[in-house]
Amino acid sequence: MAAPAQQTTQPGGGKRKGKAQYVLAKRARRCDAGGPRQLEPGLQGILITCNMNERKCVEEAYSLLNEYGDDMYGPEKFTDKDQQPSGSEGEDDDAEAALKKEVGDIKASTEMRLRRFQSVESGANNVVFIRTLGIEPEKLVHHILHDMYKTKKKKTRVILRMLPISGTCKAFLEDMKKYAETFLEPWFKAPNKGTFQIVYKSRNNSHVNREEVIRELAGIVCTLNSENKVDLTNPQYTVVVEIIKAVCCLSVVKDYMLFRKYNLQEVVKSPKDPSQLNSKQGNGKEAKLESADKSDQNNTAEGKNNQQVPANTEELGQTKPTFNPQVVNEGGAKPELASQATEGSKSNENDFS
């Protein structure tokens, strides 16, 4: 009689234990269906900023990424989700063993069931993070921006910036330094070299110092190869540092300035748009004054750059030779070049805001 008495009192504690096991199994199934549900260390993906409409932003991101993802990597292949009972129905008396077996089966088939793109909680307002699997986010995003830059075809309304994230780690200085020493090697470790800049943004985080992070990362880049030089005008590589809560997102991108800081709204703008030209012609004297002011601003900016880094322009040979031909090829005449410079300044204001 003692044993049945213990069994009747045991279910009180057994139910609580079973509930905990059920929660763990449910979390495992969720992770199996779509991977992690929030931004965490160890992920790759795409960080997207939007304007007050995250749901629409996710829809646009899926549409855009699937379009170009299929173009680069082919259509996404899905596998049928075979639900194996694993004999759990006949092992009710050993629920713990059945649960372990079920979790093992879930982990074994996780890679086959994960989607190529999956939205996760970013931890910040107006920021969406799309986890990627089996692709290189920096190549995909560069392909998207390059196509939009050439065609000048606007494909999104809500999405502002789209930044590839090649790796994530904990947002503590020591963790970031340790992670960056290995992460930055493919781009900056000898014999690889290049000019670079570091772009830093922090959201919902107050324990990381901006200047300290930039100084430490720049020191790591220079340690990997002494020929790596800083260029804030037109660098070959831009090290993107995005901190959200306790997670640091890192990536190294190309053509950051050419693609308007990876802003999808700005990269499709062109000084050759008839609407812009007509508006300038219709203004008459105002248009002439505006173009003169813009050219003056452009000249003063170039003068400052020449005064600040005269040695870099000779050593690197990239600041003026690479940037000016691109602008001239796009606009041609001086008024168009001036208008393009002011458009770049407007995009800078939007990005910093």
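Q: Where does Pro191 lie?
A: Pro191 sits in the loop between α7 (185-188) and β6 (195-203). Helices (H or I, at least four residues) and strands (E, at least two) are DSSP runs, numbered from the N terminus. The model is predicted: local features need pLDDT of at least 70, side-chain atom pairs count only at pLDDT 80 or more, and totals for chains, interfaces and linings use all residues. Residues are numbered from 1 along each chain as its sequence is written, and side-chain values use heavy atoms, with hydrogens and water left out.

Q: What is the peptide bond from Ala190 to Pro191, cis or trans?
A: That bond is cis. Its omega is near 10°.

Q: How many aromatic pairs does a search of the whole structure find?
A: The search finds 7. One of them joins Tyr179 and Phe183, with 5.6 Å centre to centre and 20° between the planes.

Q: Why is the pair of Tyr179 and Phe183 called stacked?
A: Rings of Phe, Tyr and Trp (its six-membered ring) pair if their centres lie within 6.5 Å; planes under 30 degrees apart count as stacked, over 60 as edge-to-face and the rest as tilted. The centres are 5.6 Å apart and the planes 20° apart, so the pair is stacked.

Q: Where do Tyr179 and Phe183 lie?
A: Both belong to helix α6 (residues 173-183). They are 4 residues apart, about one turn of the helix.

Q: Why is Tyr179 called partly exposed?
A: Buried means under 20% relative accessible area, exposed over 50%, partly exposed in between (1.4 Å probe, protein chains only). Tyr179 has 27%, so partly exposed is the term.

Q: Why does Phe183 count as buried?
A: Its relative accessibility is 10%, so Phe183 falls under the limit for buried.

Q: What makes the pair of Phe188 and Phe196 edge-to-face?
A: The ring centres are 5.7 Å apart and the planes stand at 65°, so the pair is edge-to-face. Phe188 and Phe196 are both buried.

Q: Which residues do ring pairs link into a cluster?
A: The cluster holds Tyr149, Tyr256, Phe259 and Tyr262.

Q: Where is Met52, and is Met52 buried or exposed?
A: Met52 lies in the loop between β1 (45-50) and α2 (54-73). Its relative accessibility is 66%, so Met52 counts as exposed. Phi of Met52 is near 70°, positive in a residue other than glycine.

Q: Why is Lys261 called buried?
A: Lys261 has a relative accessible area of 11%, so the residue is buried. Lys261 is in the loop between β9 (247-253) and α9 (274-283). Its phi is positive, about 60°, although Lys261 is not a glycine.
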